[in-house]
Amino acid sequence: MWSYIQSSLLLLSPFLPSSLIPLSDHHPHQIHYHGPLTDGGIWHEAYERSRDVAKEMTLEEKVNLTTAVTGPCQANSGGVPRLGIPGLCFNDGPAGPRYTDFVTQWPSAFTAAASFDRDLIEERAKRIGKEFRGKGINVELGPVTGGPLGRSPYAGRNWEAFTPDPYLSSTLSFLTVRGMQESGLITCAKHYILYEQEPVCDGPLDGEGGRTGCRDVSSEVDDKTMKELYLPSFAETVRAGTGAVMCSYNKINGTAACESDDALNRIMKDELGFKGFVLSDFGATHSTVESALGGMDMELPGEYFYGQRLLKAIEKGSIPESRLDDMVHRILTSWYASKQHTDYPQVNYQKYDLSDSKEVNGLVFKNEHRDVREDNAIYARKVAAESTVLLKNSGILPIRGIRRIGVFGTDADYPSTLSGCGPDLFCLVGSKRRYWNGTVTIGGGSGAAYADYIAAPIEAITLKARQQGIRVDHVLQDDAAHFGSIGWVAYQSEVCLVFVSLFLVEGWDREHLKLDKGGEELIKQVEKNCAGEVVVMLHAGGQVIVENWIDLPKIGAVLFAGYPGQETGNALVDILWGDINPSAKLPFSMGKSPNDWPKDNIVRDMGKGAYPIAKFTEGLAIDYKWFDKHNFTPRYEFGYGLSYTKFEFSGFDIEERYEKDRDTVQRTNERYEGTRGLYDTLFVARVNITNIGKTPGAEVAQLYMSFPKSEVEQPPKHLRGYAKKYLEVGQMGTVDFPLRKKDLSVWDVKKQLWKIPRGTFTFGVGNSSRELPSKLTIEIDSSY
Ligand code: NOJ
């Protein structure tokens, strides 16, 4: 059974294709490793334990630990059973355990980010963590913490991550790692780093619709942008104590991320002081010696470059044995620190497979179909409702006093099967188009989690309406062939609910910013015919241009529901009927035209060199910072979202107040000017919020900061605080925004450290990045 993996000699793995003979096996020169060897940091005891046990291991056993192969989990590393060290089980992903049953499909990170609710995000993470633990998964291949961050609205995987804003992404990454690891799970922050688009492919599609002829893109970024924009979220995951980090598919200035001495050794392990292990994305390892010396500690999955090849390279002296020891120490330190050695469930599922047992390599695995969901559906529904952004409302919402509702679009319907178009939720239609075949609750690929049911919008709406004696008619179709009946039903409906979507899948960047399946035409057809007003529901994993229809006279309300997971319909009903007052805010900016973004910031051709190159020339100015810097007026700005009530801000103030950082689990080694710690609080801003409307509800107060004018590279403003407050009608509450030294600092490229620029800092507070009624300034002339 499971002992197969624990005792397996992965070095003899049958998975290794004999044609793959990496050049690095014949490396002629001995290269010295100059990355830092771990000392465990705060996990020093765990490190000492791993060092002691590693002393007992043979070379083969050590190598075994560094190499994972495909097994019952997405990848299983080798163990050393005679020393009580099991192999580890690795599985996706960020929105719940993938490839197994009786788990929850949570709203995606990008959706949950719209809640701007720290407590809810941490609760989501804790509950996801417990589900992984219940299945016996040792390492979750997630969360996605800033790779992609969301540089381009065309990137196909932005929905797996939180938001393009580094402050929001940082805080949510920290809370998510902390929450997920609470149950003893080891998280893997990914994809490190500068992974902002999919590879460029110029081959034909293969028989299964897969892309061929693909080459990884090299991301080229300046030092300041790297430190201030792309690195902070990863720094927060290290601070939160993530046990693992996944190196990404892309190259960094020409070097594969998984062999980048600069990214892995110098920045991750030295500057950020990461004490856990770096594992490779699947197929992102391209060498043995370079990867080992570059700082990659484990290959997943397949034993292409580690396993036997690593062993030989060590024996030949191309890699010092101390480096192998370091890999082992890092892996075991994370494992001991998570306390999985004391009490952790055995793997009790079998990826892809719903049968009760299966033979793999002559050994039988049991699939127990353990139900690990507890009462998570309640929370998944809450997260989805709290993350539904109300973009427009004429007053038609919440639904009151009507008798006839019409529901339109395939996106309101059940998916035809739960695993849809295959285990990866990949649906291929036509030559290059992928779409989902019912309501879109999550994207495809490794960010997908499996649902055991979908509370389809049509189900939830019908049940709710029935309780109130409302008639529901529906045409759950999108195409013009049904426009006749769509028009007819709309003509009889007092409220027309139109469902449109955008399904995104790993491996595919977007070619446009429109809806799938002619969504615009569907909206227009319903709008033209509806007897009353139209409410549009957007299920989308990213940017959608809405200009062609949003101002049509009968478009009464628009909701951006993202990828809400299995509780989609229930959460939507909570919002539509006002049982939950919407309070979510856009965690990205919605533009008006594709010309609102830097041109071609997804590289789509191979270029003239050895690999395609993406130059991050926009520097720090992505998303709202780009719009602000270049004076584009977005349709809906970052941080925007309506409520059924109104709020007023008052008493905005900032005081100098020192508070020592108490959150950090693992300290980073980031260099900075002055004496206060980088994560210590120096100032606290504060504002009162009053609910001046007629309905109880929550508001997200947002604090934005502008650096002194001397900082010419800085975009006009940066989010530097947010707080959600629930208030009864007429109630006033106060929220605090702690400002840490790092929040006030810039990366000094010359001195290679963080420093607070001297001069006037301007702060604005309000309920979106463009609605900041209260402003004030402070002068800073100290390095603190
Ligand atoms: C590739 C994806 O990039 C990564 O996020 C995922 O963990 C692995 N595949 C395994 O599914």
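Author: H191 lies in strand 5 (residues 186–192); strands (E, at least two residues) and helices (H or I, at least four) are DSSP runs, numbered from the N terminus. The model is a predicted one, in which local features need pLDDT of at least 70 and side-chain atom pairs count only at pLDDT 80 or more, while totals for chains, interfaces and linings use all residues. Residues are numbered from 1 along each chain as its sequence is written, and side-chain values use heavy atoms, with hydrogens and water left out.

The backbone around H191 deserves attention. The peptide bond that leads from K190 to H191 is cis, with omega near -10°. L194, which is not a glycine, has a positive phi of about 65°, and this residue belongs to the loop between strand 5 and strand 6 (200–201).

In total, 13 residues surround the ligand, the closest being Q74, D92, R157, H191 and D281; a residue is counted here if one of its heavy atoms lies within 4 Å of the molecule.

The chain is divided into domain 1 (2–21 + 40–366), domain 2 (376–587) and domain 3 (645–780), with bounds that come from an automatic or database domain assignment. R157 and E506 form a salt bridge, their closest N and O atoms being 3.6 Å apart; the term denotes a side-chain nitrogen of Lys or Arg within 4 Å of a carboxyl oxygen of Asp or Glu. The count between domain 1 and domain 2 is 1 salt bridge, whereas a search of the whole structure finds 53. Another member of that set joins D39 and K275 (3.3 Å, N to O). That pair links distant parts of the chain, 236 residues apart: D39 is in the loop between helix 1 (3–7) and helix 2 (44–55), and K275 in the loop between helix 9 (261–271) and strand 12 (277–280).

What is the extent of the contact between domain 1 and domain 2? Contact, meaning heavy atoms within 4.5 Å, involves 48 residues of domain 1 and 53 residues of domain 2. The two domains bury about 4,000 Å² between them, 59% of it on carbon and sulfur atoms; buried area is the accessible area (1.4 Å probe) lost by two parts on being put together, summed over both. Q105, Y154 and W159 supply 20% of the area that domain 1 buries against domain 2, more than any other three residues. The C-alpha centres of these two domains are 34 Å apart.
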